[in-house]
Amino acid sequence: MNGFLTVRPAALADPRISPLLAAYHLSTEAEKGTPAGSPAELPPAYRAEVLTPETALADDTVLLAVDGAETAAGVVVLSAPRAHGAPEIKRLWVDPAAHGRGAAAALMDEALRRAEATGARSVRLSVWLWREHALALYRRLGFRPVHPWDDRPGLLCMEKVLSPAPHVERLDPAGIRAHAADGLAALLVDAVDGGASLGFLAPLEPVEAASWWREVADEAERGVREVWAAYGTGDEILGAVTLVRTDKPNGRHRGEIARLIVHRAARGQGLGARLLATAESHAVAQGLTLLILDTQTDSPAEGLYRKAGWTPAGVIPDFAADPAGTLRPTTLYYKQLP
């Protein structure tokens with residue numbers, strides 16, 4: 001195992017899934033005192049997950065933690081909501097060679113982020129009481145014991161109440177202009193005054209921020225920029241991201257992620273990752289095959305992009321001044337789309 005770990009969804013036909021699920025189930029059966037010598041000897045439901053995940057897990061999302069060499073370090077499954085209405089996290093497993101690298105926490109963070117994005121009010125899981133490390137992780141993440149839906153001895157059922165996920169929607173030019181002087185301007189001012197390198201110096205005047213958003217609306221009208229905003233429960237704008245298209249004939253296959261912004265009051269909740277994923281999904285739907293971006297080197301945003309599967313292409317020194325006026329390097333990133 002080497003390199004920075006990233007977590008992303010895997011196609012169910014991905015050959016890296018079955019060995020991890022097999023290791024999980026074989027280890028679990030041994031711990032339960034009913035060891036199986038091979039996946040073929042597992043109980044039917046578990047055997048199906050290992051041998052035919054594309055069928056057994058067809059309605060679910062399988063997340064893989066992979067290193068820089070694309071070696072799978074761990075897996076977790078997020079089940080689609082069933083009759084009980086809550087999605088379930090299951091099959092969390094980390095390859096022993098990757099222990100101590102935060103893979104389990106990273107897999108859980110991404111599973112929770114995706115559960116929140118569905119609008120679910122809670123997410124549940126079950127854990128064997130002898131798995132003390134997993135149990136401690138779940139408690140740290142806010143899971144609490146609940147009335148069991150599975151009464152097997154030694155199995156603890158847990159649930160976590162989720163915060164209502166912000167509503168993300170695409171803004172047309174009229175919508176951008178409608179919010180330019182208030183919500184969008186306030187969002188940009190908050191980010192720049194908080195130290196984010198977005199092309200402006202601090203303190204940023206609201207009138208200047210509003211003027212920039214009006215220019216964005218003009219670009220949206222010309223079809224060269226698309227904008228998404230995230231709204232909180234009170235319809236306040238908590239975040240935004242834009243996707244810029246080129247009008248060059250030889251570059252119509254690519255786009256640029258620009259101005260990914262999350263209000264300081266809404267950070268740490270996965271909103272930046274959700275906005276990024278929204279723009280990426282739209283790019284795929286539009287037939288784009290390559291995305292690019294740049295971000296200040298060593299900024300917190302770098303961790304977000306690496307976790308989302310972006311690849312660094314190089315660093316340019318003294319590329320731009322930060323909000324305080326100090327020249328900083330920038331790192332170029334790219335992501336090839338399916």
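**Close-up views of a predicted model**

**View 1. The largest nonpolar core.** The largest nonpolar core holds 30 residues. Ile-89, Leu-107, Met-108, Tyr-138, Phe-143 and Met-158 have the most contacts inside it. Two or more residues each come from strands S2 (61-66), S3 (72-79), S4 (88-94), S5 (122-128) and S7 (155-161). Helices H4 (103-117) and H5 (132-140) also give two or more. H4 gives the most to this core, with 6 residues. In soluble globular proteins, nonpolar side chains tend to be buried together. The structure shown here is a predicted model.

View 2. Ile-316 sits in strand S13, residues 311-321. Its relative accessible area is 31%. Ile-316 therefore counts as partly exposed, the class between 20% and 50%.

**View 3. A negative surface patch.** Four residues form this patch: Glu-169, Asp-172, Asp-235 and Glu-236. Asp-235 lies in the loop between strand S9 (225-231) and strand S10 (237-245). Asp-235 is exposed because its relative accessible area, 58%, is over 50%.

**View 4. Arg-306 and Thr-6.** Arg-306 belongs to helix H10, which spans residues 300-307. Its relative accessibility is 27%, so Arg-306 is partly exposed. Along the chain, Arg-306 and Thr-6 are 300 residues apart. Their C-alpha atoms are separated by 6.5 Å.

Notes
Residues are numbered from 1 along each chain as its sequence is written. This is a predicted model: local features need pLDDT of at least 70, side-chain atom pairs count only at pLDDT 80 or more; totals for chains, interfaces and linings use all residues. Side-chain values use heavy atoms; hydrogens and water are left out. Patches are made of residues with over 30% relative accessible area and no salt bridge: like charges are joined within 9 Å, nonpolar side chains (Val, Leu, Ile, Met, Phe, Trp, Tyr) within 5 Å. Accessible areas come from the Shrake-Rupley method with a 1.4 Å probe; for residues, only the protein chains shown count as cover. A salt bridge is a side-chain nitrogen of Lys or Arg within 4 Å of a carboxyl oxygen of Asp or Glu. Lys and Arg count as positive and Asp and Glu as negative; His and the chain ends are not counted. The place of a charge is taken as NZ of Lys, CZ of Arg, CG of Asp or CD of Glu. Helices (H or I, at least four residues) and strands (E, at least two) are DSSP runs, numbered from the N terminus. Buried means under 20% relative accessible area, exposed over 50%, partly exposed in between (1.4 Å probe, protein chains only). A nonpolar core is a set of buried Ala, Val, Leu, Ile, Met, Phe, Trp, Tyr and Cys residues joined through side-chain atoms within 4.5 Å.
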